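Work through the exercises below with the sequence and the model side by side. Try each task before reading its solution.

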Amino acid sequence: MTARLSLYQKAENELYKMDSSVKTKFYDFCHQFRLDPDHPSLDLKPLKGDGRIFRAKIDRSYRALLARAGVGADGVQQWLIVAVRHRKDVYEELTVAINRITGEIEFVDLGVVGQSVLQRAGLQLTPAQDEHTAPAEPTPVPVVTPQPAAPAEPLLAGCTPEDLRRLGVADALIGPALAVTTDEEFDQLIAGAPRLTAEVLTGLGSGMSVDEVEREITQPASTELEPGFENDMAAALTRTAVTTVDDDIRNVLAEGDFRAWKVYLHPTQRKIVERNYSGPGRVSGGPGTGKTIVALHRVARLAAALPSGHGKPILLTTYTKNLTADLRSRLTSLMDPALLGRVDIKHIDQLAQSVLNENTAPGAQRNLITDERALDVLREVLFEHDEQRWDAEFLFDEWEQIVLGQSLGTRQDYFKARRAGMGRALNRPERAVVWKLLDQFALRLNGMGRETWAQAAERAARYEMERARKIRTRAERKADIGGGDLAHLDDNSSAMRYLRHRYRHIVVDEAQDLSPAHWKMLRAMVASGPDDLFIASDTHQRIYDRQVTLSTVGINIRGGRSSKLTLSYRTTQEILDQAAKVVRGGTYDDLDDGTDTLDGYHSLLHGPAPEYVACTDWTDEIAQLAEALKQWRTDITQPTEDGTVRDPSGTMAVCVADGDMAGRVAADLETKYGITTATLTKDGPQGGGEVHIGTMHRFKGLEYQKLAVIGASDGILPRTAVVEKYETTDPKRYERELKKSRNQLFVATTRARDALRISWHGRPSPFLPL
């Protein structure tokens with residue numbers, strides 16, 4: 001009889017860390033097992049402790065542990081590989097169970113728990129015996145000599161077994177959890193626990209009450225389960241994060257041990273993905289909490305529910321080109337190619353350009369101009385008018401935020417416009433002068449045949465809003481005549497008859513950086529209705545000065561259609577603690593009338609505390625950076641047991657404040673210290689060097705195993721020019737610029753997964769948590 005195999009997420013992580021020879025043998029094992037699970041060479045046998053776990057031979061030393069998950073409708077056996085272990089680490093006490101909260105299959109290995117904890121919990125492990133292996137000696141339980149001192153109090157002394165059971169802790173780990181007395185034991189227990197158990201224990205260990213953990217961790221992960229769920233392994237398998245074992249398993253195993261978080265869905269995330277929204281929905285959360293993962297799985301779910309066809313009714317968009325490329329790559333691993341072909345994946349400015357190209361006659365297109373060059377043009381206008389009351393930066397901000405942001409077409413519209421949060425107040429005579437200058441500026445750009453990205457977005461939004469108006473008007477006419485043919489009423493019957501909204505669903509990632517014009521365009525591209533817009537955002541990561549209230553652009557998120565993620569899967573708790581201090585004390589909006597915080601934001605991962613390095617000058621800072629990079633390279637390239645040496649390229653990065661500094665760092669590292677580099681651009685890394693170097697803006701959406709932030713000095717973060725220009729003349733603008741600078745540093749520090757190093761020369765930045 002043939003079999004269908006799936007791979008448990010934790011088993012997948014174990015495989016990543018094994019020698020390539022074991023991975024190859026595992027692939028061969030999977031192939032043989034699928035053909036004939038009863039083949040004698042596999043030696044498939046149940047463990048004595050839990051009859052639902054079977055062990056089978058991969059080779060003389062390694063065993064696959066499997067759970068039987070029933071028989072499919074096609075008569076094929078379904079099996080879940082829950083672990084891959086050396087035979088000496090296979091115990092009779094290994095168990096699988098269906099979690100009473102999530103309904104997922106959980107694998108519990110008491111072998112990860114320290115012997116002292118097992119003894120206090122009254123447990124002892126029994127090695128499993130292979131038919132062709134000499135019996136192993138039982139694991140000795142240390143004899144503890146009674147001491148006169150009172151035993152240490154358990155860390156969870158305030159909890160009862162009933163508390164832990166109610167919160168979703170795996171039954172087999174309740175006793176050990178209540179027996180741990182040290183932080184080391186506690187961390188060891190959490191590291192090997194199933195995910196919900198680990199989150200619950202982490203919350204309790206950090207000081208949260210039982211009620212708080214139940215409200216913030218257990219309830220969001222809960223799912224409605226039918227009676228008898230605890231015995232239905234087949235149904236539980238559908239709720240469990242798995243990788244299907246097929247002929248692509250070699251590629252899966254080759255992607256590295258950080259693949260899992262990019263595609264894994266925690267039950268809390270899965271509920272958001274699978275929910276049916278009556279209108280726009282939103283998910284927020286700090287860096288690494290899986291907002292992008294949720295957005296990608298949301299796309300996959302919506303695509304799977306589409307009726308048959310060949311169009312692209314789903315749009316996936318984000319702010320930058322390199323982030324779009326990353327989304328496309330990750331979505332490819334989640335979706336069947338046929339369904340992927342029904343998703344339009346474009347960054348927001350590319351989307352605006354496609355609208356403009358469609359609505360602009362050949363030869364009439366305007367070329368885009370950078371903001372820096374546009375500022376030069378505005379300075380020329382100010383010089384020609386001998387205007388010294390406002391600088392170009394102030395006027396450019398007024399133009400983007402107010403004139404373009406609110407689509408103001410006349411001077412009278414500008415006189416009535418609200419300027420909340422813009423800082424310096426303007427009376428009516430001043431507004432008249434500002435409007436005249438900005439009008440001259442826009443005419444100058446038009447005469448050059450140029451426009452800024454913000455202008456392009458605003459024009460595209462107007463085209464789309466007009467398209468939506470025509471669709472709405474036609475629908476109203478049709479309703480008025482009882483659904484009859486409107487060909488005789490259409491101005492252009494052929495075009496109007498087939499006019500539709502461009503998309504059925506739109507999913508937006510990194511939504512906090514979009515402008516009002518972007519949102520107006522997106523709102524017009526999809527009809528209002530169920531699951532029309534899905535938004536992933538974190539305003540703590542807003543690195544452009546764009547304040548948007550979604551309700552003012554026609555996007556209303558009401559009735560509990562907003563969710564928040566608080567668990568980071570990417571970086572360590574030590575790094576998160578320091579990063580959170582960078583933005584602590586600031587007020588952050590939620591893209592609407594509410595506020596957002598990092599309260600409850602935490603990680604199950606632990607590592608070294610971030611390193612802060614004071615240097616005497618630039619030369620010293622680069623020299624110390626080079627030494628750190630060389631040490632990181634040594635750490636990363638340590639040979640594995642089979643002699644494999646990992647390529648360090650793309651695992652280390654250096655983050656700086658601006659492009660000029662990035663060039664200096666790259667030149668110094670290469671010429672003085674022989675360290676090859678690659679520069680981060682809007683199109684991704686340019687060059688084949690092992691260390692990636694880029695500005696804080698370029699690190700948005702990326703992550704690295706080890707990351708250094710250099711030049712974190714006062715005068716750079718924040719810039720001296722900002723302090724001198726706005727601190728006394730425009731306090732509100734000054735505060736906005738400081739927040740933007742803080743956010744950039746926050747984004748930079750949270751790109752690190754395992755190690756973070758921050759250095760400066762002179763005085764350190766006041767944003768650093770020193």
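Buried means under 20% relative accessible area, exposed over 50%, partly exposed in between (1.4 Å probe, protein chains only). Helices (H or I, at least four residues) and strands (E, at least two) are DSSP runs, numbered from the N terminus. The model is predicted: local features need pLDDT of at least 70, side-chain atom pairs count only at pLDDT 80 or more, and totals for chains, interfaces and linings use all residues. Residues are numbered from 1 along each chain as its sequence is written, and side-chain values use heavy atoms, leaving out hydrogens and water.

**Exercise 1.** Find how many residues of helix α7 are buried.

Solution. Locate α7 at residues 195–205. Nine of its 11 residues are buried. Among them are Leu196, Val200 and Leu204.

**Exercise 2.** Describe the surroundings of Lys520.

Solution. Start with helix α23, residues 516–525, which holds Lys520. Lys520 has a relative accessible area of 15%, so it is buried. Next, list contacts (heavy atoms within 4.5 Å). Leaving out residues up to four places away in sequence, Lys520 touches Gly405, Gln406, Ser407, Ala461, Met465 and Val553.

**Exercise 3.** Classify the ring pair of Phe54 and Trp79.

Solution. Rings of Phe, Tyr and Trp (its six-membered ring) pair if their centres lie within 6.5 Å; planes under 30 degrees apart are stacked, over 60 edge-to-face, the rest tilted. The whole structure has 10 aromatic pairs. For Phe54 and Trp79, the centres are 5.2 Å apart and the planes at 85 degrees, so the pair is edge-to-face. Phe54 lies in strand β3 and Trp79 in strand β5, so the pair ties together parts 25 residues apart in sequence.
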